[in-house]
Amino acid sequence: MSYQEMAKAVIDRAGADVYPEFTPNDETLEAIAELENGGGHKFSGITNDLFAELLED
């Protein structure tokens with residue numbers, strides 16, 4: 001039995017909700033709509049530059 005199968009068995013036995021219901025808040029829904037309508041910002045570069053840009057705001 002693999003570790004993944006054991007984990008699934010433990011979760012099934014415990015009755016834990018592995019995938020809890022998730023309802024996005026208004027800010028998240030607005031961001032999703034913006035992306036679906038072609039908005040947003042695409043970054044290409046190194047991670048350090050991305051975080052530097054984010055911290056500028």
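1. Just after α1, G15 takes a positive phi of about 75 degrees.

2. This is a predicted model, in which local features need pLDDT of at least 70 and side-chain atom pairs count only at pLDDT 80 or more, whereas totals for chains, interfaces and linings use all residues. Residues are numbered from 1 along each chain as its sequence is written, and side-chain values use heavy atoms, with hydrogens and water left out.

3. The chain has a mean pLDDT (the predictor's confidence in each residue, from 0 to 100) of 88, and 91% of its residues reach 70 or more. Among the elements, α1 has the lowest mean, 85, while helix α2, residues 26-36, has the highest, 95.

4. At the start of α2, a side-chain oxygen of N25 comes to within 3.2 Å of the backbone nitrogen of E27. Just after α2, G38 takes a positive phi of about 85 degrees.

5. G40 lies in the loop between α2 and α3 (47-56). With a relative accessible area of 49%, G40 is partly exposed, given that buried means under 20%, exposed over 50% and partly exposed in between, using a 1.4 Å probe and protein chains only. Leaving aside residues up to four places away in sequence, G40 touches E34 and L35, where contact means heavy atoms within 4.5 Å.

6. Buried residues make up 0% of the 57 residues in the chain. The C-alpha atoms fill a box of roughly 45 × 30 × 20 Å, taken along the principal axes.

Key:
Helix = DSSP H or I, 4+ residues; strand = E, 2+ residues; numbered from the N terminus. Polar contact = N/O pair within 3.5 Å; in protein donor to acceptor, adjacent residues only side chain to side chain.
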